[in-house]
Amino acid sequence: MNAASATVFAAVLALAAFAVWRTLKKGAPCECGCSRKTCPGKCPSCTGCNGR
Amino acid sequence: MSIKIALAGNPNSGKTTLFNALTGSDQYVGNWPGVTVEKKDGILQGRKDVVIQDLPGIYSLSPYSLEEKVSRRFLVEENPDAIINIVDGTNIERNLYLSTQLAELGIPMVMAVNMMDVVRKNGDKIDFARIAKALNCEVVGISAVKNEGGRDAAMKAVELAEKGAARKSEVPHVFSGSVEHAIAHIEESIQGKVRKSAIRWYAIKIFERDREIISDLGIGVGDLKHIEEHIRDCERELDDDAESIITSQRYEFIKNLMDKSLTKSEKRRNKATLSDRIDKIVTNRILALPIFILSLCAMWWIAVAEGGPGTVLTDWANDGFLGDGWHLPFTTHEVDGRDYGTACEDYAKAEATIKAWEAGEKTASVEDEETGETAEEWQVDEAAYNAAKAVEEPDPSAYGVWVPGIGALIGGALEKMGVNDTVASLVNDGAWGGVSTVLGFVPVIFVVFLFLSFLEDCGYMARVAFIMDRLFRKFGLSGKSFIPMIVGKGCGVPAVMAARTIENKRDQRMTIILATFIPCGAKTVIIAMFAAVFFREMWYVAPLMDVIGIAIIVLGGIALKKSSAFAGDPAPFVMELPAYHMPTLSGIWHHTWNRVKAYMLKAGMIIFPACVFLWFIMNYDFHFNLVGADGIDRSMLATMGGWIAWFFAPLGFGTWQGAAASVSAEIAKEQATATLGLVAAGFDGATTASNITALFGTFSDYPKLAAMSFMLFNLFIPPCMVAIAVTFREMGSKAWGWFAVGFQLLVGYVLAMSVYQIGMFCAGGSFGVWTAVAILADIAAAWFVLRPARKEAR
């Protein structure tokens, strides 16, 4: 594997790992219409994206 | 120390809109009652020491609903420094019922009369000074939507809070002599037990025999007996029960106040409002449901019909913006009498001719890019072969200003960098392939959410709940259950959460089980993809999925209600229908953009890593040897998919690809489309659509039926894993959680199997074991719906 391939390979893995980490930390975004990017239960102030 | 100001008012009176305007927050504003269930805090812009608290909408301070309990507890126990009582100016009489109760709390209050723009437009006049005097509060006219007057109301509330004004003055007396006499005696009995300024509110609640308040105050038996005597005297004198006396005298007080303070325009007094006239049609007993279905059809027609804006934009996004590239509009021109499209078609035909001749075949053919079906077939000879060899690949930049697509840019960059084929495939086919399949449907998602936001903001969606209540009630369900289902059109997670507002535990559980049958935003992508690939000429398949969702809810509800676990009368459903109004562009944009943004974010945060993982297990075997496209059947994904493929065989997609796509959809529903794009990439078609068509061709002799079955299965089985987790949490027990998931899986499976097996038989296929199983399953389902209710259920 050449340097360019290794760099791209590492970058893709790092991005994927970041995405997984962020989702686990902040929750999955949902399309309920609220600007919160987290799902209910992890969003203390809006308690369930659309205020429920 | 910070100043706490509570925003209180009737449902759908504009509290959250005012809250957002005052605090710069971005809370969800829905044009139907009951959007806010728990209070939310925000800092008043420009005043860091002032906290604004948005309370759930309530009609009174009685402890009957969850919203009332939350608001009441906060106002009584947390004792805010001031209240902004937001009142709908177009419906002031009904809103004042709560205002009279709030005034009794002895907390400084500013009444913000909202929708003054509409009041003025109607030609009505409200005497603020008279209301202010009667209720001992400040009154300010505002328009929350137009951001007028809200700040003034807040600053007035801050001023009152700083002075502690109302706590020192008299609270309004709205009752007749004997009631006031009894209240005065109760006040004497509870002195020292409650906050001095709120003593009247407590006394009235005790007069109403509010159990919660009586038990909270721990009033002694002797005092209680004494109080009870006074209440009974009143009841005897006025020939009514205590609670009704308070209610009717409140309304009498409000009516007298309104007679003197509200001047309705002559025109309005004699004429039905525009909302009344529209409602006569859209909530009409016969027309209501067809109009609702027609509005769904209109939405889907715009989103997925051939040649419609949704399809045109989706094609551009898939092939142009995210794919190879696109010509800037108005810059295209012909070269040698041919446009770029024709030149590409000629080149594809030339390539097919060369390939066929070199393979020794006598005919060549080209496929339709979208459907994957043979579009044209012709004879090949040496002359045609030589002519084909002379055809050059058209250069897009020769036909106009060419903007390369993101896919082409990524591919070009990787090539330039000298990245090897495996890593290039990881990026092009794995990461970008999956993500771009999902992103390609942003235009459809946008159209659907734009339409829903419009219907919601103009006030129609609230009518849908009303229409559905009429339908649901016939089957023992409540319209209250339909509010979560409207929310579920956006996302199943808040839909499950929204069922919290249903007090009756049995109805709440049933609503949780049924709410996610309405296809959510993520499932919209599955519908859009299958509509685009397999049912391009049949746009009505898309709205049909919504109608099937509603039908499952009704039939599932009937079946469940007949079991003892869910039996009982439907919960009462009281709902105020907001007046129709033209939504603001910013409001619609705000709702739509938030949803689309979340969809795109999900593509990056969930779909992207999932596709990278799928690419790995699709390209490597269990010994971590690279198998590539040729050895894909030996890959980890193919092996694991093969273990469970049998489960999907009766549904028409019993292959490892079908299994992988269905199972991966539990990560997020739109992952099904990304996985299909990924596993079909090996077909080397011109587009993802033609690859998927070819893939389903390998599943069954009836690919369209298999596609329909796949779509139904993935739409109507349990929702994504986040929604399943929330279902378990809201159900409160693992047993109920598993029941919900089992029920949903059974419904989705039976539906998909029935459509595939019976459809196949009707299309001329043989009658097999699974056809018989499908028919028996349908008979069993019909029996569950039509059977007589159990004794307890009756």
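Trainee: What am I looking at, and how are the residues numbered?

Mentor: This is a predicted model, in which local features need pLDDT of at least 70, side-chain atom pairs count only at pLDDT 80 or more, and totals for chains, interfaces and linings use all residues. Residues are numbered from 1 along each chain as its sequence is written, and chains are lettered from A and ligands numbered from 1 in the order in which they are written.

Trainee: How do you know that β1 of chain B pairs with β4(B)?

Mentor: Count the bridges. Five bridges join β1 (residues 3-9) to β4(B), and the two strands run parallel. B:A6 stands opposite B:I83 in β4(B).

Trainee: What makes β2 and β7 of chain B edge strands?

Mentor: Follow the order of the open sheet of six strands: β2-β3-β1-β4-β5-β7, with mixed pairing. β2 (40-43) and β7 (138-141) each pair on one side only. Neighbouring strands of this sheet are turned by 25° against each other on average, direction ignored.

Trainee: Why is strand β4 (residues 82-88) of chain B called largely enclosed?

Mentor: A residue is buried if 20 or more other C-beta atoms, placed from the backbone, lie within 10 Å of its own, exposed if 12 or fewer, and partly exposed in between. Seven of the seven residues of β4(B) are buried, so the strand is largely enclosed by the rest of the structure. Both faces are covered. B:A82, B:I84, B:I86 and B:D88 are on one side, with B:I83, B:N85 and B:V87 on the other. In a regular strand the side chains alternate between the two faces of the sheet.

Trainee: Which helices lie across β4 of chain B?

Mentor: Helix α1 (residues 15-23) lies across β1, β2, β3 (50-54), β4 and β5 of chain B, at about 160° to β3(B). Helix α6 (residues 150-163) lies across β1, β3, β4, β5 and β7, at about 150° to β4(B).

Trainee: Why are helices α16 and α21 of chain B called roughly antiparallel?

Mentor: Axes are lines fitted to C-alpha atoms, for helices over the stretch in contact, and angles run from 0 to 180 degrees between N-to-C directions. Under 35 degrees is roughly parallel, over 145 roughly antiparallel, 65 to 115 roughly perpendicular and the rest oblique. α16 (residues 309-321) and α21 (residues 442-458) of chain B pack at about 150°, with their axes 7 Å apart. That makes α16(B) roughly antiparallel to α21(B).

Trainee: Which residues of α16(B) and α21(B) meet?

Mentor: Contact means C-beta atoms, placed from the backbone, within 7 Å. B:P309, B:G310, B:L313, B:T314 and B:A317 in α16(B) meet B:V442, B:P443, B:V444 and B:V447 in α21(B). The contact has seven nonpolar, two polar and no charged residues. Nonpolar covers Ala, Val, Leu, Ile, Met, Phe, Trp, Tyr, Cys and Pro, charged covers Asp, Glu, Lys and Arg, and the others, Gly among them, are polar.

Trainee: What makes B:V596 buried, exposed or partly exposed?

Mentor: B:V596 has 19 C-beta neighbours inside 10 Å, so it counts as partly exposed. B:V596 is found in helix α28 (residues 585-619) of chain B. B:V596 touches B:V442, B:I445, B:F446 and B:F449, leaving aside residues up to four places away in sequence.

Trainee: Why is helix α30 of chain B called largely enclosed?

Mentor: Eight of the nine residues of α30 (residues 656-664) are buried, so the rest of the structure largely encloses the helix. Among them are B:W656, B:Q657 and B:G658. The buried residues pack against α28, α29 (636-648), α31 (671-679), α32 (688-699) and α33 (703-716) of chain B.

Trainee: What makes phi of B:F330 stand out?

Mentor: Most residues other than glycine have a negative phi. B:F330 has a positive phi of about 70° although it is not a glycine. B:F330 lies in the loop between β9 (325-327) and α17 (340-358) of chain B. With 7 C-beta neighbours inside 10 Å, B:F330 counts as exposed.

Conventions. Helices (H or I, at least four residues) and strands (E, at least two) are DSSP runs, numbered from the N terminus. Two residues are in contact if their C-beta atoms, placed from the backbone, lie within 7 Å. Two strands pair if DSSP finds at least two bridges between them.
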